[in-house]
Amino acid sequence: MTKTPSPCIDVCKYKREGHCIGCSMTKAQKSLFKALKKDAHREGFVEMLQGQQSSMGRFEHWRDAYLKKLRKKGLKPLPFL
């Protein structure tokens, strides 16, 4: 089974109080995601990140970019997307 891909959408500019303008992750969160081994934990992280984006605002573009990344890798969208 393929692991859930990183929520990173390859923008990587940390201009919003240490949060990336593309995915809303901090550098620490990005490292944490890479360290997660269980797919359920990776999916939970993506779900948590989606909630973080909602509270921070202005990340409407992320969902479409992440879904495009999943399609490109031939993966089904996560249930909560």
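The questions below go from the whole chain down to single residues.

Me: What kind of model is this, and how are residues numbered?
Reply: This is a predicted model: local features need pLDDT of at least 70, side-chain atom pairs count only at pLDDT 80 or more, and totals for chains, interfaces and linings use all residues. Side-chain values use heavy atoms, leaving out hydrogens and water, and numbering runs from 1 along each chain as its sequence is written.

Me: In what order do the elements of the chain run from the N terminus?
Reply: Helices (H or I, at least four residues) and strands (E, at least two) are DSSP runs, numbered from the N terminus. The chain has three helices and two strands. From the N terminus on, the order is β-β-α-α-α.

Me: What share of the 81 residues in the chain is buried?
Reply: Buried means under 20% relative accessible area, exposed over 50%, and partly exposed in between (1.4 Å probe, protein chains only). By that cut-off, the buried share of the chain is 41%.

Me: Why do the buried residues of α2 line one face of the helix?
Reply: The buried residues of α2 are D39, R42, F45, V46, L49, Q50, Q52 and Q53. The arc is that of the directions from the helix axis to the C-beta atoms. Seen down the axis of α2, the buried residues line one face because they fall within an arc of 160°.

Me: Which residues are exposed on the other side of α2?
Reply: The buried residues of α2 have cover that includes β2, α1 (27-35) and α3. On the other side, the exposed residues are A40, S54 and S55.

Me: Is H19 buried or exposed?
Reply: H19 lies in strand β2 (residues 19-20). Contact means heavy atoms within 4.5 Å. Leaving aside neighbours within four places in sequence, H19 has contacts including M25, Q52 and M56. Its relative accessible area is 16%, so H19 is buried.
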